[in-house]
Amino acid sequence: MRVYTDELHPGRHWKGGPQVYMIQKLCWNIDLDEEALITEWLELMVGKEAAAPFRKYVEVWANFWTNKVPKTPWLQDRAAIPAPFLQRKDASYLDALEYEDITRSIEYLDQTLAAAPEGIHKQRAEFFRNY
């Protein structure tokens, strides 16, 4: 890779998941293992003990954005609109969200919080759970 350009708007709380971490690591070394990077990020965030349920939480939302949203008219219609993708006035992508996505997310975050070791890892787990 010779050039990489992107806009990064993680917001005040950096809740975008492992994307930013992975992008920065891969820009330095494109040959890094994707799965190893995700595992590393999960463990750095909430500790080794809590990484498994936190991974499940991340996977719920990865599935939402990569499998469910692309099937919605919201995304399919975006190609014809000369405007930013995620406009605040149109939240119809949420039509793909199922109640089970929310309940499983909360369950996984509760498990993450229970398993996270005291200190910064517990604080991060609490942040994700309570945000």
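The model is predicted, so local features need pLDDT of at least 70 and side-chain atom pairs count only at pLDDT 80 or more, while totals for chains, interfaces and linings use all residues. Residues are numbered from 1 along each chain as its sequence is written, and side-chain values use heavy atoms, with hydrogens and water left out.

The protein has six helices and zero strands. Helices here are DSSP runs of H or I with at least four residues, strands are runs of E with at least two, and both are numbered from the N terminus. Along the sequence the pattern reads α-α-α-α-α-α. The C-alpha trace spans about 50 × 40 × 25 Å along its principal axes. Of the 131 residues, 29% count as buried. Buried means under 20% relative accessible area, exposed means over 50%, and partly exposed lies in between (1.4 Å probe, protein chains only). Contact means heavy atoms within 4.5 Å. Among contacts with a separation of 6 or more, 50% join residues 24 or more positions apart.

In soluble globular proteins, nonpolar side chains tend to be buried together. Tyr-57 touches Ser-105, Tyr-108, Leu-109 and Phe-128, not counting residues up to four places away in sequence.

Phe-64 is found in helix α3. Its relative accessible area is 2%, so Phe-64 is buried. Beyond its neighbours within four places in sequence, Phe-64 is in contact with Val-69, Pro-70, Tyr-93, Leu-94, Ala-96 and Leu-97. Phe-64 and Asp-101 are 37 residues apart in sequence, and their C-alpha atoms are 8.2 Å apart in space.

Val-69 is found in the loop between α3 and α4 (73–78). Val-69 is also buried, with a relative accessible area of 2%. Leaving aside neighbours within four places in sequence, Val-69 is in contact with Phe-64, Trp-74, Leu-75, Tyr-93 and Ala-96. Val-69 and Ala-96 are 27 residues apart in sequence and 6.0 Å apart in space, C-alpha to C-alpha. Ala-91 is found in the loop between α4 and α5. Ala-91 is partly exposed, with a relative accessible area of 39%. The C-alpha atoms of Ala-91 and Gly-119 are separated by 36 Å, and the two residues are 28 residues apart along the chain.

The structure holds 10 aromatic pairs. Rings of Phe, Tyr and Trp (its six-membered ring) pair if their centres lie within 6.5 Å; planes under 30 degrees apart count as stacked, over 60 as edge-to-face and the rest as tilted. The ring centres of Trp-61 and Phe-64 are 5.6 Å apart and their planes lie at 75°, so this pair is edge-to-face. Trp-61 and Phe-64 are three residues apart in helix α3, and so are separated by about one helical turn. Trp-61 counts as partly exposed, at 23% relative accessibility.

The rings of Phe-127 and Tyr-131 have their centres 5.4 Å apart and their planes at 40°, so this pair is tilted. Phe-127 is partly exposed, at a relative accessible area of 27%, whereas Tyr-131 is exposed, at 61%. Ring pairs link Trp-41, Phe-54, Tyr-57, Phe-127, Phe-128 and Tyr-131 into a cluster.

The axes of α2 and α6 come within 6 Å and cross at roughly 100°. Axes are lines fitted to C-alpha atoms, for helices over the stretch in contact, and angles run from 0 to 180 degrees between N-to-C directions. The two helices α2 and α6 are therefore roughly perpendicular to each other, a term for angles of 65 to 115 degrees. Glu-43, Leu-44, Met-45 and Val-46 of α2 and His-121, Arg-124, Ala-125 and Phe-128 of α6 make the contact.

Notes: Angles under 35 degrees count as roughly parallel, over 145 as roughly antiparallel, 65 to 115 as roughly perpendicular and the rest as oblique.
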